[in-house]
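Trainee: I'd like to learn how to read charged side chains in a model. Can you walk me through an example?

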Amino acid sequence: RIVYEPLVKLAIADATFWAGDDLSLIDARSLYLDFVTLYGDHPLAPYAQTQAGVCSLLQVNSPSRDQSETRVAIQDLETVLKRYPTSRWAPLAREKIREAERSLAEHEFLVGRFYIKRKRYLAGTQRLRGLLNDYPEYAAKDKVYFYLAKGLIKGDNDAEGKLYLETLLADFPQTEY
């Protein structure tokens, strides 16, 4: 016997998702999470949880803006990995988490660089150190090392700043920095 109610609820969530505007994405995320709450053991629950994260990702601002929606997306997608680690949706969730983390890392870089340009060296270097610590896979480390070195040297920490410059030269000899 097929129970259609869960499928209908999921179809409504999908239809709302495909409308694509911000308000529809907010509604769709809520519908997907309702589905997971009501039918957590349903075979399509991992899909619904993944889609909730995708709804949040599609609302993410550019890295220069507030990243709260990025953090919500990561939480939604990490739930897929915790509750449904062997589902066919887990690899997509991992990929989307990496995408969201790249956005967060770029945000941290932009904030750190902003502080350094405004001569707030301590705040800038703390943000950039945090970026290196929290996002070790960040691809643009050359620019992080450059601005971190600049902030440290201008902030009267020549010794550590020179270490980052040496690392920049050793690891990225061809970079514009």
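This is a predicted model: local features need pLDDT of at least 70, side-chain atom pairs count only at pLDDT 80 or more; totals for chains, interfaces and linings use all residues.

Trainee: Where does K119 lie?

Mentor: Start by placing a residue among the helices. K119 sits in the loop between α5 (90-117) and α6 (121-134).

Trainee: Is K119 buried or exposed?

Mentor: Exposed means over 50% relative accessible area. K119 has 61%, so it counts as exposed.

Trainee: Which residues form the positive surface patch?

Mentor: The patch is made by K117, R118, K119, K150 and K154.

Trainee: Now salt bridges. How many does the count come to?

Mentor: We look for a side-chain nitrogen of Lys or Arg within 4 Å of a carboxyl oxygen of Asp or Glu. By that rule there are 5 salt bridges. One of them pairs D76 with R29, at 2.8 Å from N to O. D76 belongs to helix α4 (residues 68-83) and R29 to helix α2 (residues 22-38), so the pair ties together parts 47 residues apart in sequence.

Trainee: Is D76 buried or exposed?

Mentor: D76 is buried, at 6% relative accessibility, while R29 is partly exposed at 22%.

Trainee: What about the side chains of E99 and K96?

Mentor: They meet in a salt bridge too, at 3.5 Å from N to O. E99 and K96 are 3 residues apart in helix α5, so about one helical turn separates them.

Trainee: And which salt bridge does R127 make?

Mentor: R127 meets E108 at 2.6 Å, N to O. That links distant parts of the chain, with R127 in helix α6 and E108 in helix α5, 19 residues apart. E108 is buried at 13%, whereas R127 is partly exposed at 26%.

Definitions and conventions:
Residues are numbered from 1 along each chain as its sequence is written. Side-chain values use heavy atoms; hydrogens and water are left out. Patches are made of residues with over 30% relative accessible area and no salt bridge: like charges are joined within 9 Å, nonpolar side chains (Val, Leu, Ile, Met, Phe, Trp, Tyr) within 5 Å. Accessible areas come from the Shrake-Rupley method with a 1.4 Å probe; for residues, only the protein chains shown count as cover. Lys and Arg count as positive and Asp and Glu as negative; His and the chain ends are not counted. The place of a charge is taken as NZ of Lys, CZ of Arg, CG of Asp or CD of Glu. Helices (H or I, at least four residues) and strands (E, at least two) are DSSP runs, numbered from the N terminus. Buried means under 20% relative accessible area, exposed over 50%, partly exposed in between (1.4 Å probe, protein chains only).
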